[in-house]
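This briefing sets out the main features of the structure shown below, grouped by topic.

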Amino acid sequence: TLFPYTTLFRSGYTYRQLAKATELSRQGIPLPEALNRAGVKAFSQAAITACLKRITRKRAELISQWLLEADRDLKGASALPERVTLERLLVRLAGKA
């Protein structure tokens with residue numbers, strides 16, 4: 001089915017923006033400017049900033065790696081069921097509640 005791939009694509013878009021903003025911020029660019037450069041819309045920057053604070057910089061720096069790993073696993077690199085692969089990714093992305 002296409003469900004795992006569409007779910008990954010839809011959530012991946014936002015999280016790729018988070019990963020890019022995190023990298024720019026790590027390079028010394030203030031977070032609001034980094035979010036702008038990463039393509040985060042102004043109306044969602046407060047929510048994205050809160051998300052980044054919740055998951056911490058250390059975890060945010062791993063987002064790209066997690067997305068790539070999930071993509072590879074869905075394409076056959078893992079014997080895990082697709083649902084487990086997506087659940088693992090979402091738990092990682094959710095960070096601490």
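Which residues have the most contacts inside the largest nonpolar core? They are Leu18, Leu52 and Ile63, in a core of 21 residues. The model is a predicted one, and the protein in it has five helices and zero strands.

**Overall architecture**

- Read along the sequence, the elements follow the pattern α-α-α-α-α.
- Of the 97 residues in the protein, 37% are buried.
- The accessible surface comes to about 6300 Å², and carbon and sulfur atoms account for 60% of that area.
- Among contacts between residues at least 6 apart in sequence, 55% join residues at least 24 apart.

**Nonpolar core**

- In the largest nonpolar core, with its 21 residues, two or more residues come from each of α1 (3-26), α2 (31-37), α3 (45-60), α4 (63-77) and α5.
- Leucine 18 is in contact with Ile48, Cys51, Leu52 and Ile63, when its neighbours within four places in sequence are left aside.
- In soluble globular proteins, nonpolar side chains tend to be buried together.

**Helix α5**

- Helix α5 covers residues 82-94, 13 residues in total, and reaches 18 Å from its first C-alpha to its last, close to the 18 Å expected at 1.5 Å a residue.
- Thr85, Leu86, Leu89 and Leu93 are buried in α5. These residues lie on the same side of α5 because they cover an arc of only 95° around the axis.
- Arg83 and Val91, on the other side of α5, are exposed.
- Threonine 85, located in helix α5, has a relative accessibility of 1% and therefore counts as buried. Apart from neighbours within four places in sequence, threonine 85 is in contact with Ala70, Asp73, Leu74 and Leu80.

**Salt bridges**

- The structure holds seven salt bridges. Side chains of opposite charge can pair when their charged atoms come close.
- Arginine 92 and glutamate 69 meet through their side chains in a salt bridge of 3.1 Å, N to O. Arginine 92 is in helix α5 and glutamate 69 in helix α4, so this pair ties together parts that are 23 residues apart in sequence.
- Arginine 92 is partly exposed, at a relative accessible area of 25%, whereas glutamate 69 is buried, at 17%.
- Aspartate 73 forms a salt bridge with arginine 88, and their closest N and O atoms are 2.5 Å apart. This pair links distant parts of the chain, with aspartate 73 in helix α4 and arginine 88 in helix α5, 15 residues apart.
- Aspartate 73 counts as buried at 11% relative accessibility, while arginine 88 counts as partly exposed at 29%.
- Glu69, Asp73, Arg88 and Arg92 are linked in a network of salt bridges.
- Aspartate 71 forms a salt bridge with lysine 75, with the closest N and O atoms 3.2 Å apart. Both residues lie in helix α4, four residues apart, about one turn of the helix.
- Aspartate 71 counts as partly exposed at 23% relative accessibility, and lysine 75 is exposed at 61% relative accessible area.

**Backbone and loop details**

- Threonine 56 lies in helix α3 and has a positive phi of about 75°, although it is not a glycine. Most residues other than glycine have a negative phi.
- Threonine 56 is partly exposed, with a relative accessible area of 35%.
- Alanine 42 is found in the loop between α2 and α3 and is exposed, with a relative accessible area of 66%.
- From C-alpha to C-alpha, alanine 42 and proline 32 are 9.2 Å apart in space, with a separation of 10 residues in sequence.

Notes. Residues are numbered from 1 along each chain as its sequence is written. This is a predicted model: local features need pLDDT of at least 70, side-chain atom pairs count only at pLDDT 80 or more; totals for chains, interfaces and linings use all residues. Side-chain values use heavy atoms; hydrogens and water are left out. The expected span of a helix is 1.5 Å times one less than its number of residues. Buried means under 20% relative accessible area, exposed over 50%, partly exposed in between (1.4 Å probe, protein chains only). The arc is that of the directions from the helix axis to the C-beta atoms. A nonpolar core is a set of buried Ala, Val, Leu, Ile, Met, Phe, Trp, Tyr and Cys residues joined through side-chain atoms within 4.5 Å. Contact means heavy atoms within 4.5 Å. Accessible areas come from the Shrake-Rupley method with a 1.4 Å probe; for residues, only the protein chains shown count as cover. A salt bridge is a side-chain nitrogen of Lys or Arg within 4 Å of a carboxyl oxygen of Asp or Glu.
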